[in-house]
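Colleague: Could you walk me through reading a strand and a helix pair in a model?

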Amino acid sequence: MNNRLAGQTVLVLGGRHLGTAIADAASAEGAKVHVASHRPGGLHIDLRDEATIAAAADELGPVDHVVNTAAAPHAVPVRELDRDKTVDAFAAKVIGPLLLAKHFTIRRSLLLFSGQVGWRPARGSVVTGVTNGAAAFAARHLAAELAPVRVNALSPGIIDSGVWDSKPDVLANAAKRTLVGRTGTVADVTDTVLWMLQAEFLTGETIHLEGGRP
């Protein structure tokens, strides 16, 4: 622990899997961390509901960093799309983060989560792909809008975070497609997030954390 975030406040949205790990890593570096979720208990922010975002912003006041790991996957063929689930997916990755920028006073950085499917179209992933791609574009445009606050996106590949525990074949196949010969780990993500929160010359960028996958 180097206390690299000592005296800083970090708000993490999405309290499961990577969100929890990022919160723990930021806390270990000395930050005061708030974890928000749409689930009952704790700080309540539902990215589908602007009123909850505004209320949380009033409750917390200014924060140094906001990290949005929230997602609402809707991975189905386009002819099977559910409108409400599609809207929820955009709320988690795009609309919600725009409203976070609207209501929160952010002093240092806003970090959005994208994902590799945004750059690798495949059947059954149109909503996931479009929302991940849109998150990266949102980061670039918000960087211009919010400057000098830095805004970036992180686009991980397949990460062994617990999400894929019921599908070990996904992890095995993903490892074969990387140049480093393995899937990503939670530590890979948290190390990158901590760097991005502190990288003062980095803004408007999307960092691809995919192990060199071609």
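Modeller: We'll take a strand, then a helix pair. First, this is a predicted model, where local features need pLDDT of at least 70, side-chain atom pairs count only at pLDDT 80 or more, and totals for chains, interfaces and linings use all residues. Residues are numbered from 1 along each chain as its sequence is written, and side-chain values use heavy atoms, leaving out hydrogens and water.

Colleague: Which way do the side chains of strand 1 point?

Modeller: In a regular strand, side chains alternate between the two faces of the sheet. Here Thr 9, Leu 11 and Leu 13 point one way, Val 10 and Val 12 the other. Strands here are DSSP runs of E, at least two residues, and helices are runs of H or I, at least four, numbered from the N terminus.

Colleague: In what sense does strand 1 pair with strand 2?

Modeller: Parallel, over 5 bridges with strand 2 (residues 32–37); pairing takes at least two DSSP bridges. Thr 9 stands opposite Lys 32. Strand 1 also pairs in the parallel sense with strand 4 (residues 63–68), over 4 bridges, with Val 12 opposite Val 67.

Colleague: And at what angle do helix 2 and helix 3 pack?

Modeller: Two packed helices are described by the angle and the distance between their axes. Helix 2 (residues 50–60) and helix 3 (residues 83–103) pack at about 35°, axes 9 Å apart. Axes are lines fitted to C-alpha atoms over the stretch in contact, and angles run from 0 to 180 degrees between N-to-C directions.

Conventions
Buried < 20%, exposed > 50% of the residue type's maximum accessible area, 1.4 Å probe, protein only.
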